[in-house]
Amino acid sequence: MRDDTPATPASLRRLPSRMLAGVAMHTDRLVSEGLARADARKWHYAALVALHEAGPASQAELSKRTGIYRSDLVTVINELAERGFVERAPDPADRRRNVITLTPEGLGQVRRLQELIAELQDEVLAPLSRPEREQFSGFLARLLEHHARRGSSPEQG
């Protein structure tokens with residue numbers, strides 16, 4: 001979707017769903033480009049944060065925590081392991097599965113990416129005051145919760 005212009009009918013410009021889609025596209029591009037400058041991707045951030053906040057996990061559990069499809073998660077874990085951010089080792093309780101653990105280097109990367117993500121969030125929400133940001137985030141959370149209960153929640157990336 002291109003940015004709406006004065007030539008776009010007002011009834012289209014005012015549709016909340018259209019505005020949400022436009023903001024989502026802009027935000028996705030902004031975050032993806034910002035992470036790319038740090039040699040990272042959204043899925044890297046999601047996996048690292050999930051490991052940092054909830055501890056080591058099997059690939060299946062990490063897929064559940066992040067919403068990343070298992071087949072895609074293998075690539076993400078490989079990329080993170082190559083950079084020394086995670087370690088993959090057989091689970092002592094079940095040698096058929098691997099446990100993914102955050103390394104000290106991975107913890108440093110999480111912290112760097114958290115700072116970057118905070119800056120990108122500030123850029124996305126720049127026109128809003130602090131109370132407006134909190135209110136807007138609350139509205140978004142309510143919408144996501146509502147649609148998740150209805151079974152229409154998109155995969156998180």
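## Strand pairing

Serine 58 stands opposite valine 99 in E3. The structure is a predicted model, in which local features need pLDDT of at least 70, side-chain atom pairs count only at pLDDT 80 or more, and totals for chains, interfaces and linings use all residues. Residues are numbered from 1 along each chain as its sequence is written, and side-chain values use heavy atoms, with hydrogens and water left out.

Strand E1 (residues 57-58) is joined to E3 by two bridges, and these strands run antiparallel. Strand E2 (residues 86-91) is also antiparallel to E3, with six bridges between them; here arginine 88 stands opposite isoleucine 100. A hairpin of two residues leads from E2 to E3. Two strands count as paired if DSSP finds at least two bridges between them.

## Overall make-up

The protein has seven helices and three strands, in the sequence order α-α-α-β-α-α-β-β-α-α. Helices (H or I, at least four residues) and strands (E, at least two) are DSSP runs, numbered from the N terminus.

Along its principal axes the C-alpha trace spans about 60 × 35 × 30 Å. The accessible surface comes to about 10300 Å², and 54% of it belongs to carbon and sulfur atoms (Shrake-Rupley method, 1.4 Å probe; for residues, only the protein chains shown count as cover). Of the 157 residues, 26% are buried (buried is under 20% relative accessible area, exposed over 50%, partly exposed in between, with a 1.4 Å probe and protein chains only). Among contacts between residues at least 6 apart in sequence, 50% join residues at least 24 apart (contact means heavy atoms within 4.5 Å).

## Nonpolar core

The largest nonpolar core has 26 residues, and Leu35, Leu48, Leu51, Leu62, Leu80 and Val86 have the most contacts inside it. The elements that give two or more residues to this core are H2, H3, helix H5 (70-82), E3 and H6. H3 provides the largest share, six residues. Such a core is a set of buried Ala, Val, Leu, Ile, Met, Phe, Trp, Tyr and Cys residues joined through side-chain atoms within 4.5 Å.

Leucine 80 touches His44, Ala47, Leu48, Phe85 and Val86, not counting residues up to four places away in sequence.

## Helix H4

In H4, the buried residues are Leu62, Ser63 and Thr66. Seen down the helix axis they fall within an arc of 105 degrees, so they line one face of H4 (the arc is that of the directions from the helix axis to the C-beta atoms). Their cover includes H3, E1, H5 and E3.

Serine 63 lies in H4, which comprises residues 59-66, and has a relative accessible area of 11%. Apart from neighbours within four places in sequence, serine 63 is in contact with Ile68, Tyr69, Arg70 and Leu73. Just after H4, glycine 67 takes a positive phi of about 80 degrees.

## Helix H6

Helix H6 (residues 104-124) has 21 residues and should span 30 Å at 1.5 Å a residue; its end C-alpha atoms are 30 Å apart, which agrees. The expected span is 1.5 Å times one less than the number of residues.

The buried residues of H6 are Gly106, Gln109, Val110, Leu113, Leu116, Ile117 and Leu120. They cover an arc of only 140 degrees around the axis, which puts them on the same side of H6. Helix H2 (16-37), helix H3 (42-54) and strand E3 (94-102) are among the elements that cover them. Exposed residues Pro104, Glu115 and Glu119 sit on the face of H6 turned away from its buried side.
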